[in-house]
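Hello,

Here is the structure we spoke about, with the sequence alongside. My notes follow below it.

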Amino acid sequence: MTTTPPALVPQVLLEAPLDKHRDAAPMQRQLHHRIKEAILDARLAPGSRLPGSRALAEALSISRNTVTAAYDLLAAEGYVQPDRQGTRVAALSRPARPRSARTTGNAPSAPVIAQRLAHIKPTTQPTVPRADGGVTLRPGVPALSHFPLAAWRRGVDRAIRRAGPAALGYGDPLGEPALRASIARHLGVARGVRCEPSQVIITEGAQEALALCVRLLSNPGDTAWVEDPGYRGAKAAMHAGDLRIVPMRVDADGLIATENDWQSQPPRLIYTTPSHQYPTGAVLTAARRLELIAQAQRHGAWIIEDDYDSEFRHAGESIGAMQGLVTQAPVLYVGTFSKTMFPSLRMGFLVLPEALAAEMQASLEEMLRGGHRYEQLALAEFIESGQFSRHLGRMRRLYRDRQQALREALTRHLLLPYVIEGGHCGLHLTVRLPARYPDRKIAEAARRYGIAPSPLSGFALCPMAGDNGLVLGYGNTSAELFAPLVHRLSQLIQAAEMS
Ligand SMILES: Cc1ncc(COP(=O)(O)O)c(C=O)c1O
């Protein structure tokens, strides 16, 4: 039998003495790290032998046990393999050089990230507000300082006390049964939605509900109709599902779908905000709602109804949800607590049609994990105890007053031609401006003053000349600020005028 002579100590392991200072990492860890790095850099070649433990211990003036312990750990991790003649470096495939975000090393054409992400354009608005929360007129934000935080904290405390440590474990993948039941009851009364708790899935805000609709009901390449101008989050969800987006124009009666649209590009999914079109504020008329439902039934399409802020009705009778208009409507109803409670709660829901809910139950239970259980239980109690309705009532009055004050400030201080749209419900007004006042430029200038309206053109998929204006959120801005803010905006708009 031939024996291999013991390996000499390679220079790479002797480059520097190990750090024996009291505060330094343990010797064994330092040695393990040094050998591992040398293996990963191929300075110790695959198949080469490590020096014997005695020789290495002597060369580094450390104990033999330290070397053996480092070798044992390297062997456990698979970097080396002990054999009868000592210890050999394992044959490892070398990791490639770090790749840039978009391309693989020298092969410039192969994208690293999914190509579909290229369709998701960055917003012109900062997604994270200033640390002091001091942005004004930002759309979509409810009155944060008016939320009954102390009552909510007590509710969460109660939920923790009642549910105890058992609720630290996974919950029902579709959401806490108590919350699903509360939502089903609330929607029936407040929005005319017809559903059983078993049809309700609790989601991480409306955004996850939209993503779920895409995942559950479409295949890559399918066609999705999306309102234009429309909600950016919906477009992102559709793009993320590799759908072919068809922009659908919107007028004062909501989404326009012609017979030609149904024939030439029949959709798999239709995204709409029928009760308060975002951002124009239009209401989809009853005739168009019924036609959309009938056509969707005919073509096997699904309507995603995003009812994001309808609880805050300011004028006339509440407009019921499309979902409850006819039985068995092919409608997936999406709702959120981002406006009615607060956005960072990240709680929303999806109401599936009855047949779909039954068919998808098993898949959903595999796909989802139940969490945020104490918050869900606290929210169920918040609804059942009547606190939710009272909070909605207070906020409805507050937003009505704020909208009125904003309208007055516009009348008094916006000294140029404009048209206000929407406002029958919700937290924003859309102000259309003549094309000579470019909305993106105005919004950018306004940000420097802590004013954050959204440019209307930023909501458009295929911007048309009229898609120019500002979406003004009044939810989280005090009424007394409107006059100076609109005065400033008026100056900025005039300064941005194109000659
Ligand atoms: C049209 C629309 N849908 C939904 C949402 C809420 O989304 P989420 O529940 O993910 O916060 C918003 C928020 O601004 C919105 O404007």
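**The four-stranded sheet**

Four strands form an open sheet, paired antiparallel and ordered S13-S14-S16-S15. Its edges are strand S13 (419-421) and strand S15 (454-455), each of which pairs on one side only. Please keep in mind that this is a predicted model.

Inside that order, strand S14 (residues 428-432) runs antiparallel to strand S16 (residues 469-473), and the two are joined over five bridges. One of the residues involved is His 428, whose bridge partner in S16 is Gly 473.

**The H2/H3 pair**

Helix H2 covers residues 53-60 and helix H3 covers residues 64-77; their axes are 8 Å apart and the packing angle is about 120 degrees. That angle is why H2 counts as oblique to H3. The crossing of the two helices is right-handed.

Which residues of H2 and H3 meet? From H2 they are Ser 53, Arg 54, Leu 56 and Ala 57, and from H3 they are Arg 64, Val 67, Thr 68 and Tyr 71. Sorted by class, this contact has four nonpolar residues, two polar and two charged.

**Domains**

Domain 1 is 11-89, and domain 3 is 148-385. Domain 2 is made of two segments, 124-141 and 390-495. How far apart do the C-alpha centres of domain 1 and domain 2 lie? The separation of these centres is 65 Å.

Regards

Notes: Residues are numbered from 1 along each chain as its sequence is written. This is a predicted model: local features need pLDDT of at least 70, side-chain atom pairs count only at pLDDT 80 or more; totals for chains, interfaces and linings use all residues. Side-chain values use heavy atoms; hydrogens and water are left out. Domain bounds come from an automatic or database domain assignment. Axes are lines fitted to C-alpha atoms, for helices over the stretch in contact, and angles run from 0 to 180 degrees between N-to-C directions. Angles under 35 degrees count as roughly parallel, over 145 as roughly antiparallel, 65 to 115 as roughly perpendicular and the rest as oblique. A crossing is left-handed if the near helix is turned anticlockwise from the far one by less than a right angle, and right-handed if clockwise. Contact means heavy atoms within 4.5 Å. Ala, Val, Leu, Ile, Met, Phe, Trp, Tyr, Cys and Pro count as nonpolar, Asp, Glu, Lys and Arg as charged, and the others, Gly among them, as polar. Two strands pair if DSSP finds at least two bridges between them.
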